[in-house]
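Biologist: I would like a close look at a single part of this model. Please keep to the site and its surroundings.

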Amino acid sequence: MAEFYAHIKASSGAYKYFCNGQWLESSSGKTVPVTNPSTLQKDYQVQACTQEEVNNVFAAAKAAQLSWAKTPLWKRAEYLHKVAVLMRQNAQPMADCLVKEIAKPAKDALTEVIRSADLIDYTAEEGLRSLGEGQLLTSDSFPGQPRNKLCLVSKVPLGVVLCIPPFNYPVNLAVSKLAPSLMAGNAVVLKPPSQGVVAGIHMLACFAAAGLPAGVVNVITGKGSEIGDFLTTHPAVNCISFTGGDTGISISHKAGMVPLQMELGGKDACIVCSDADLDLAASHIVKGGFSYSGQRCTAVKVVLAMQDIADELVAKVHAGVAKLSVGRPEDNADITPVVSEASANFIQGLVEDAREKGAQFLTEWRRENNLIAPVLLDHVTPDMRIAWEEPFGPVLPVLRVGSIDEAVHHCNSSNLGLQGCVFTRDINTAMRVSDAMQTGTVQVNAAPARGPDHFPFQGFRDSGIGSQGIKNSLAMMTKIKSTVINLDKESYTLG
Ligand SMILES: NC(=O)C1=CN([C@@H]2O[C@H](COP(=O)(O)OP(=O)(O)OC[C@H]3O[C@@H](n4cnc5c(N)ncnc54)[C@H](OP(=O)(O)O)[C@@H]3O)[C@@H](O)[C@H]2O)C=CC1
Ligand SMILES: O=C(O)[C@H](O)COP(=O)(O)O
């Protein structure tokens, strides 16, 4: 397995970038370190690519896309299936990187890789069906028109897609962009997150080994703060697929006239109604709030509990939180170090603000470097930052509310509208809450989640633009093209 990845590393130990079918070292002579969130050791180095190298990558992608678009759909699908096989065969070293780079628990790290291989297979199959289908429109359905024009509608590639995933799913949220882009006939340039970059390079090695033509897939590395603007405003970019935080909002202001697929932050609310199954709600709140230490855009980030059941619910959640193990990702602890010191400091700031403003702490604040023990806060009020801001860490606030309307109002007052959930035994209540909640998805009787990966996934307001999910991503990576056949006279079927 180690041999499979041997060529992606330079003799210096730094990982290479991938341009036009070649693994290269940057002429900058500079590297960017990746700090292990658990040990604070600089475990990896990647190339700090220059602007000239970015230009080369885009030139290669642009040239390669022209012939890639002429590759039959079945052949593109065949390449993708091969990538999926290689990912499964070479999963463990990739998963090991996730453990070291982003402190993802070992079991979840492997799951991320396998889930990604499955996503690629599904995309190939879905692409064969949905991209192979078009539409025929006839002119006589418009008032006053004879049937002398036939419009053939098809889906054509966009060109070069710039893919920028975030640190928390550096493999899965990369392939969710790469696979549909490629299946739709685009070339791709991947800019992995600085934490998670080495897992991303391993993943790209599977695309490279599958024999895709040179230039069709490329990876450029470096700090987003240094090369990000140059990438996103590059004239060769025909689409940006981005997942991350507020950075996405500034990208959308700067990007030119290119389609944007943006999946940004979430402040996913969990509304627990008076008639809810409280055991079910509590177990979903604990898992939804604290898995991967709350570093999921779909984590439960605020609980809105009806006053009459709040004591009982909070007691059950508290009991669940008390059982969470805190420790090393290698040991599969439930709570592992958050991604960086900056993130841990930000989380601490939110918790201190809540303490100053009178939140009740049901767990003790404990932090050792980036490792933060789970924090459950009760009697949180709307003047506290934690009621509105996304901690991206193991902190869960509970707000007690007097009515479902008050809960929905809180949810809709957020600038974020990714997902939400409602716990109730009454399907009528569930539907009314779902209709009223202004979020991209509402889960009934379960915590928010993006998966399974073929479900549509989208955010309202500052949570995003466009929709993900395999079918929607395939559609977003294409544009509509019409060919109108103008007949010499009217023609009607069968007659
Ligand atoms: N809705 C969704 O589907 C998801 C949303 N998120 C959100 O992402 C955030 C956490 O992820 P995080 O990685 O910290 O998010 P960031 O927005 O900080 O980074 C996301 C990606 O953008 C890159 N980047 C940074 N600056 C620029 C720039 N100027 N131009 C272009 N790219 C840039 C980063 O690279 P680098 O690492 O080098 O800085 C990284 O690859 C949370 O807010 C979370 O809610 C996360 C997952 C899913
Ligand atoms: O980045 C995230 O948080 C993911 O999009 C969430 O995916 P999940 O809900 O399947 O964990």
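Which residues are around ligand 2?

Modeller: This is a predicted model, in which local features need pLDDT of at least 70, side-chain atom pairs count only at pLDDT 80 or more, and totals for chains, interfaces and linings use all residues. Residues are numbered from 1 along each chain as its sequence is written, ligands are numbered from 1 in the order in which they are written, and side-chain values use heavy atoms, with hydrogens and water left out.

Around ligand 2 are R115, N168, Y169, L173, R296, C297, T298, A449, R450, G451 and F457, where a residue is near a molecule if one of its heavy atoms lies within 4 Å of it. By class, this shell holds five nonpolar, three polar and three charged residues (Ala, Val, Leu, Ile, Met, Phe, Trp, Tyr, Cys and Pro count as nonpolar, Asp, Glu, Lys and Arg as charged, and the others, Gly among them, as polar).

Oxygen atoms of ligand 2 lie 2.4 Å from a polar side-chain atom of Y169, 2.6 Å from one of T298, and 2.9 Å from a side-chain N or O atom of R115. On its own, ligand 2 has 310 Å² of accessible area, and the protein covers 95% of it (Shrake-Rupley method, 1.4 Å probe).

The protein chain is divided into domain 1 (2-264 + 463-480) and domain 2 (269-457), with bounds from an automatic or database domain assignment. Each of the two domains gives at least three residues to the shell around ligand 2. The domain centres, taken over C-alpha atoms, are 31 Å apart. Between the domains, 27 residues of domain 1 are in contact with 26 residues of domain 2, contact being heavy atoms within 4.5 Å.

Key. Polar contact = N/O pair within 3.5 Å; in protein donor to acceptor, adjacent residues only side chain to side chain.
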